Structure formats: structure tokens, C-alpha cells
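Subject: Structure for you to look at

Hello,

Here is the structure I promised to pass on. Please open it first, then read my notes below.

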Amino acid sequence: MTAASTEQPAVTGLAGRLPGPLVGRTLAGRPTRDGGQSPVAARILEVAAARFYTQGIRAVSADALIAEAGVTKATFYRHFPTKDDLVVAYLVAVAEREEAQLDRWTAEHPDDPGHVLRAYAQTVGAQTCSPGFHGCPFINAAAEYPDRQHPVRQVVEQHRRRLLGTAAQLLARLGVAEPEPVALQLGMLRDGAMVAGDVGTPETVTAALVAGGTALIRAARHA
């Protein structure tokens, strides 16, 4: 990675900023001969992720990414035949990291689904008010790609379904009889927190998000 790219803000997922290398389980670009992750493709992805998140996807040109990553056009397009392929790789990597964090919380607290939901809400509340926060990358991408049939939009919607599905599973374990609509309501609270972060503090946004989620769950369990 270039020196310039290491100074970029960490990319933010729905559950907060995700520092460190972005490449996740799914390989970005063309694999190496042994089937592993290409370091060149990983560098391109890191540069693109920071630019896409801070400047907007459509505002960033392929030429700018090629120059910052220090690769040739041939190398860039060998790994990512189109810019949309790179955008998909970026969102897939962020999605996988967030989903992996939820899996870790669940594994660490197998008998406490409420802890996982609280940890998620607390992370969202803290990160929405942090320096370098530019909103949810998936909501941002959806705004730039309104066509639901576009591959970028499909990644956004697939990740959303996975998050809501995970929330519904946790809610069911908490005794919520109809977990799917409650999971959607929690997701809408989280979306609101992403906006409230611009006018609040980590403490106030976190407290409001946790309180709102707790009230929804309590009401659903006693419905």
C-alpha cells in the first residue's frame, strides 16, 4: 500500500469503523498462482475503499485509483475488468468483516443474544460520531446505484438481508414471537442513528439507540 493510502480514514461498515486490511474471505481481483490473494489487487482495493467511502463512489475515477495505487492500467483491469467489479469487491469485503464481527460476538456469548444486539448498537452509536465518519457505506452505495438489478445494489441488499436475518435469529432466542418485523424495526433505528451522528454525541446517540431497541424488544416479548 502506498504511503498516501495508509493515511486515509478507516472504512466504516454498518457496525462501525473497521481498521486494518480490508480484504476478507472472498478474494479480490485475480488470485495468485497458488490460489491466494494477490497483494496488488489488495492494494488497489485498499486505495479504492478509502476513496469510495470518503469521496463517493461515482466521484472517484479509475484513473485516479490507478495513479494512487501505483499500478498500470493493464494491471488494474486484469484484476478488476470494470470499476463496478471493484465497487462490488469493496462492498463484499466490508460486509464480510461486519458479519464476521457479529459471528465473533455470538460465539463469545452463545447464551446471551441480548449482549450481541447491545454490542452492535453500542458500536454503531460510538462510531457514527467519530472523526472520519461518512455514513453507512451500504446506504451510500444504494443512493448512488438506485437500480435494484445492478450488481452493486444486489450486494447491498444481500448484506441487508443477512444482517436482518441475524437480528431475527437473536430476537427469536430472546423470546420474540414474530422476530422478522422487530428485526426490521431495529434496522430502521440503526439507520436513524447513522444520521443522528451528525448532530449528536457518541453518548447520546448510543443511549438513544440502546433505549429504543430495548423498548422495542420488551414490547415484542410481551405482545
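Rings of Phe, Tyr and Trp (its six-membered ring) pair if their centres lie within 6.5 Å; planes under 30 degrees apart count as stacked, over 60 as edge-to-face and the rest as tilted. By this rule the count comes to three aromatic pairs. The rings of F76 and Y77 are edge-to-face, because their centres lie 5.0 Å apart with the planes at 80 degrees. F76 also pairs with F80, and this pair is tilted, at 6.3 Å centre to centre and 55 degrees between the planes.

A word on the basis. This is a predicted model, in which local features need pLDDT of at least 70 and side-chain atom pairs count only at pLDDT 80 or more, while totals for chains, interfaces and linings use all residues. Residues are numbered from 1 along each chain as its sequence is written, and side-chain values use heavy atoms, with hydrogens and water left out.

Next, burial. Buried means under 20% relative accessible area, exposed over 50%, and partly exposed in between (1.4 Å probe, protein chains only). F76 is buried, at 0% relative accessibility. F80 is buried too, at 1%. Y77 is partly exposed, at 36%.

Now the helices. Helices here are DSSP runs (H or I, at least four residues), numbered from the N terminus. Helix α5 covers residues 83–108 and helix α6 covers residues 113–128. They pack at an angle of about 140 degrees, with their axes 9 Å apart. The axes are lines fitted to C-alpha atoms over the stretch in contact, and angles run from 0 to 180 degrees between N-to-C directions. α5 and α6 are therefore oblique to each other (under 35 degrees is roughly parallel, over 145 roughly antiparallel, 65 to 115 roughly perpendicular, and the rest oblique).

Which residues meet? E98, L102, W105 and T106 in α5 meet V116, A119, Y120 and T123 in α6, where contact means heavy atoms within 4.5 Å. The residues of this contact divide into five nonpolar, two polar and one charged. Ala, Val, Leu, Ile, Met, Phe, Trp, Tyr, Cys and Pro count as nonpolar, Asp, Glu, Lys and Arg as charged, and the others, Gly among them, as polar.

Last, H222. H222 sits in the segment after α10 (202–221). H222 is exposed, at 67% relative accessible area. H222 and G175 are 47 residues apart in sequence and 9.2 Å apart in space, C-alpha to C-alpha.

Best wishes

Technical notes
Helices (H or I, at least four residues) and strands (E, at least two) are DSSP runs, numbered from the N terminus.
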